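Here is my note on the model you sent.

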Amino acid sequence: MADYLGEFEQLVLLALARLGDDAYGVTIRATLIERTKRKPSFGAIYSTLRRMENKGLVRSFAGEPAAVRGGRAKKHVVLTPRGRAALREAHAAVVRMAEGVSFK
């Protein structure tokens, strides 16, 4: 069964692919703002990441604590092979649908 992705899920997965090992809440949001000109809430990002982790599309892990007193560890997120495959399929579907369409 294919993993169908909504638009925001696709954008978040693309941000993860772009960020690589530097993907965590703040950098994901900054990338989404920069690339899409939208300002998603952290709640929307984290709930989407949690949902996609439950589906096996992403994996999270704790990084090193920040070098400030009482600094918290960042929760990094990476694409899984299943997530990469779902993103590839979603992108291919959009390309197929847009083929031959005029955007005049």
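1. Is K55 buried, partly exposed or exposed? The model is a predicted one, and in it K55 has a relative accessible area of 30%, so K55 is partly exposed. K55 forms a salt bridge with E9, with the closest N and O atoms 3.3 Å apart. This pair links distant parts of the chain, since E9 lies in helix 1 and K55 in the loop between helix 3 and strand 1 (58-65), 46 residues apart.

2. Leaving out residues up to four places away in sequence, E9 touches Y4, T48, R51, M52 and K55. E9, R51 and K55 are linked in a network of salt bridges.

3. How many salt bridges does the structure hold? There are four. One of them joins the side chains of D3 and R82, at 2.7 Å from N to O. D3 sits in the segment before helix 1 and R82 in helix 4, so the pair links distant parts of the chain, 79 residues apart. R82 is partly exposed, because its relative accessibility is 43%.

4. R38 and E7 also meet through their side chains in a salt bridge, at 2.8 Å from N to O. Here the link runs from the loop between helix 2 and helix 3, where R38 is found, to helix 1, which holds E7; the two are 31 residues apart. With a relative accessibility of 39%, R38 counts as partly exposed.

5. Next, the nonpolar core. The largest one has 20 residues, and those with the most contacts inside it are L13, L16, I28, L32, L49, M52 and V58. Two or more residues each come from helix 1 (7-19), helix 2 (25-36), helix 3 (42-54), strand 2 (73-79) and helix 4 (81-98). Helix 1 gives the largest share of this core, six residues. In soluble globular proteins, nonpolar side chains tend to be buried together.

6. Which residues does I28 touch, not counting residues up to four places away in sequence? The list is V12, A15, L16, L19, A23, I45 and L49. Two of these, L16 and L49, are named with I28 among the core residues that have the most contacts.

7. L5 is placed in the segment before helix 1. It is buried, because its relative accessible area is 13%. Apart from neighbours within four places in sequence, L5 is in contact with Q10, L13, L57, A86, L87 and A90. A86, L87 and A90 are also among the buried residues of helix 4. For reference, the C-alpha atoms of L5 and H76 are separated by 21 Å, and these residues are 71 apart along the chain.

8. Helix 4 has 18 residues and spans 26 Å from its first C-alpha to its last, close to the 26 Å expected at 1.5 Å a residue. Its buried residues are G83, A86, L87 and A90. Why do they lie on the same side of helix 4? They cover an arc of only 100° around the axis, which puts them there. These buried residues pack against helix 1 and strand 2.

9. The face of helix 4 turned away from its buried side carries the exposed residues P81, R88, E89 and R96. Just after helix 4, G100 takes a positive phi of about 85°.

10. Finally, the aromatic rings. The structure holds one aromatic pair. It consists of F42 and Y46, whose ring centres are 6.2 Å apart; their planes are at 20°, so the pair is stacked. F42 and Y46 are separated by about one helical turn, because they are four residues apart in helix 3. F42 is partly exposed, with a relative accessible area of 34%. Y46 also counts as partly exposed, at 38% relative accessibility.

Methods
Residues numbered from 1 in each chain as written. Predicted model: local features only at pLDDT ≥ 70, side-chain atom pairs only at ≥ 80, totals over all residues. Heavy atoms only, no water. Core = buried A, V, L, I, M, F, W, Y, C linked by side-chain atoms within 4.5 Å. Buried < 20%, exposed > 50% of the residue type's maximum accessible area, 1.4 Å probe, protein only. Contact = heavy atoms within 4.5 Å. Expected span 1.5 Å × (residues − 1). Arc of directions from axis to C-beta. Phe/Tyr/Trp six-rings, centres within 6.5 Å; stacked < 30°, edge-to-face > 60°.
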